[in-house]
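Please look over the sequence and the model shown below before reading on.

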Amino acid sequence: MKIQTKSNNQNPNALNGFSTDMIGDDHLSTGLETPMKSDAFKLSDSEKKERISVLFEEIMDVLGLDLNDDSLKGTPDRVAKMYIDEIFSGLNPENKPKIALFENKYRYNQMVLEKNITFYSNCEHHFVPIIGKAHLAYISSGKVIGLSKLNRIVQYFAKRPQVQERLTNQIANELKTILDTEDIAVIIDAKHLCVSSRGVKDDASATVTAYYGGAFNSPEKIIELQNYLNH
């Protein structure tokens, strides 16, 4: 059971009434938007890579690793490149996928489901991987989206430090905006390495989050969606 504490501006470990020690392994999310500084893009990507490389080299040095070893000396640069160009590339709005919609000429007015979209993200509490599958469904309000774009939307929001609940809602809100409909469903089933590889070290558990909007709020639609997912 978590006990809420009063916010204390003098306590650097306080966050919205919780201390960082109290947060522990919990999936605490501070809001829908990914927490970003106002000057998050003051530095260019190349400048960020240079800074990260230097800082990660210092971490490795503190750990006692020999940075003169052939296997390790290029690691700081590799990590910096990976952070900016790959696993955290979703932080940069310039990398947001360009989405084109098409007329629903087939007059298809039933559910469209794209299931088993594999994604890799990172827990923002420990910076270790979240590995899972996303299932996205919508009912057209007159426009349809290319199926591969659904994958790209998932990847964009996954490629940042994340909390699964926030990831679920970010994807849902993006689809509602793009498709101009409330008839959206997002289900995410993921394994958190902060649970399986450290802490309680439970490798069998998984976390499921869901968003049901519009027509998908009805029990009938939820059952229909679950039936499709189970086949």
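What follows is a short report, arranged by topic.

## Basis of the model

The model is predicted, so that local features need pLDDT of at least 70 and side-chain atom pairs count only at pLDDT 80 or more, while totals for chains, interfaces and linings use all residues. Residues are numbered from 1 along each chain as its sequence is written, and side-chain values use heavy atoms, with hydrogens and water left out.

## Overall make-up

The protein has 7 helices and 9 strands, where helices (H or I, at least four residues) and strands (E, at least two) are DSSP runs numbered from the N terminus. Of its 231 residues, 34% are buried; buried means under 20% relative accessible area, exposed over 50%, and partly exposed in between, with a 1.4 Å probe and protein chains only.

The accessible surface of the protein comes to about 14000 Å², and 52% of that surface belongs to carbon and sulfur atoms; the areas come from the Shrake-Rupley method with a 1.4 Å probe, and for residues only the protein chains shown count as cover. Among contacts (heavy atoms within 4.5 Å) between residues at least 6 apart in sequence, 65% join residues at least 24 apart.

## Packing of H2 with H3

Helix H2 (residues 45-62) packs with helix H3 (residues 75-87) at an angle of about 135 degrees, and their axes are 8 Å apart. Axes are lines fitted to C-alpha atoms, for helices over the stretch in contact, and angles run from 0 to 180 degrees between N-to-C directions. H2 and H3 are therefore oblique to each other, given that angles under 35 degrees count as roughly parallel, over 145 as roughly antiparallel, 65 to 115 as roughly perpendicular and the rest as oblique. The crossing of H2 and H3 is right-handed; a crossing is right-handed if the near helix is turned clockwise from the far one by less than a right angle, and left-handed if anticlockwise.

Residues making the contact include Ile52, Phe56 and Met60 of H2 and Val79, Tyr83 and Ile84 of H3. By class, this contact of H2 with H3 has 8 nonpolar, 2 polar and 7 charged residues, where Ala, Val, Leu, Ile, Met, Phe, Trp, Tyr, Cys and Pro count as nonpolar, Asp, Glu, Lys and Arg as charged, and the others, Gly among them, as polar. Val54, placed in helix H2, is exposed, with a relative accessible area of 54%. The C-alpha atoms of Val54 and Asp77 are separated by 8.4 Å, although these residues are 23 apart along the chain.

## Packing of H4 with H5

Helix H4 (residues 147-158) and helix H5 (residues 164-179) pack at an angle of about 135 degrees, with their axes 10 Å apart. That makes H4 oblique to H5, and H4 passes H5 in a right-handed crossing. The contact is made by residues including Leu150, Ile153 and Phe157 of H4 and Leu167, Ile171 and Leu175 of H5. By class, the contact of H4 with H5 has 9 nonpolar, 1 polar and 1 charged residues.

## Individual residues

Most residues other than glycine have a negative phi. Arg107, in the loop between strand E3 (101-103) and strand E4 (111-123), has a positive phi of about 55 degrees although it is not a glycine, and Arg107 is exposed, with a relative accessible area of 65%. Phe127 has a positive phi of about 55 degrees and is not a glycine; Phe127 lies in the loop between E4 and strand E5 (129-139) and, at 42% relative accessibility, counts as partly exposed.

Ser196, found in helix H6 (residues 193-196), counts as buried at 13% relative accessibility. Leaving aside neighbours within four places in sequence, Ser196 is in contact with Lys191, Lys201, Asp202 and Asp203.
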